[in-house]
Amino acid sequence: MHKNEKGPASPSQGGQILLIVVLVMIVSLTVGLSVASRSITNLRTSTEEVNSQKALSAAEAGIEQSILSNASIASGEIYIGTRYSTTVTEVKGTSFLVKGGNTIAQDEGADIWLSDYSKDSAKLYLNPWSGNLTIYWGNSADSCSNPALEIVIVSGTKISPKINRYAFDPCLSRVSSNHFTQASSGGSVAGVNFLFSTPPIGVVSGLIAKIIPLYSSGQIGVVGTSSLPSQGFVIDALGQSGGTSKKINVFNGYPELAAQFFSYGLFSH
């Protein structure tokens, strides 16, 4: 009888086995690294999202604290590792952006204080302002894409206020039908370039003014021939958490009179 006996594997067979083992190890290592990398990326993304939300919450907390105090806060903490800081800037002077540079909504308008604001009604509207007031607005090369402005200025005294109205429009085709005054060329206010302006409007013993954009919304700047009183405060807040930062900018203005009040001249005596 003959026995079939297998001899030792040839060198070529051993090399093939080793190659297969190496390939399997490479594939396994590649899959493992891919899974690990994806897990690390997901973890990092989740951590960044959490830190982003914490930083935003910190900035909002800073805004709230500065609104309460009307003061800058160098450093505050809402919980460990999550901090905020704020800078409060009072809006006043010979030139500034209305509502801190925020867009003024169409038909709603914004107040410009020409006298002192106070929560005490006995001290409200003290120190009326006199001088020339120029309003700037418009940033679209298409003049008819910019708003027209209605400007209502209340002057005199609380007991006997006087109301003057003005209307300006940069759009020639609208002017022919609405009969507003054609707007003048613009200029720069607080670093913002505007295409249009009003001519200087003379104000004597001004108490308050309301600027109302018509046809569309827009940003508005104001320039006076002498310093105008406080309009409110711009609060810049920075929140930080785990290397992530968030910034918030808020204008904290004084309570505004409803636009309807300017139609009837209602003031507290």
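Predicted model: local features only at pLDDT ≥ 70, side-chain atom pairs only at ≥ 80, totals over all residues.
Start with the cavity. Select Phe96, Val98, Lys99, Ala110, Asp111, Trp113, Gln231, Phe251, Gly253, Tyr254 and Glu256 to show the lining. Colour these by class: six are nonpolar, two polar and three charged. Next, highlight strands E3 (110–113) and E12 (244–253), each of which supplies at least two lining residues. E3 gives the most, with three.

Move to the largest pocket, which contains about 180 Å³ of space. Select Asn70, Tyr117, Lys119, Phe233, Asn252, Gly253, Tyr254 and Pro255 for its lining. Four of these residues are nonpolar, three polar and one charged.

Now show the aromatic rings, where there are four pairs in the structure. Keep Tyr117 and Tyr254 selected: their rings are stacked, 4.5 Å centre to centre with 15° between the planes. Tyr117 sits in the loop between E3 and strand E4 (129–137), and Tyr254 in the loop between E12 and helix H3 (261–264), so the pair ties together parts 137 residues apart in sequence. Tyr117 is partly exposed, at 24% relative accessible area.

Finish at Trp137 and Phe196, a tilted pair at 6.4 Å centre to centre and 45° between the planes. Trp137 belongs to strand E4 and Phe196 to strand E9 (192–197), 59 residues apart. Trp137 is buried, with 0% relative accessibility, and Phe196 is also buried, at 13%.

Definitions and conventions:
Residues numbered from 1 in each chain as written. Heavy atoms only, no water. 1 Å grid on protein atoms, 1.4 Å probe; cavity = no way out; pocket = protein on both sides within 12 Å on 5 of 7 lines; lining within 4 Å. Helix = DSSP H or I, 4+ residues; strand = E, 2+ residues; numbered from the N terminus. Nonpolar A, V, L, I, M, F, W, Y, C, P; charged D, E, K, R; others polar. Points joined across faces, edges and corners; volume = space filled by probe spheres on them. Phe/Tyr/Trp six-rings, centres within 6.5 Å; stacked < 30°, edge-to-face > 60°. Buried < 20%, exposed > 50% of the residue type's maximum accessible area, 1.4 Å probe, protein only.
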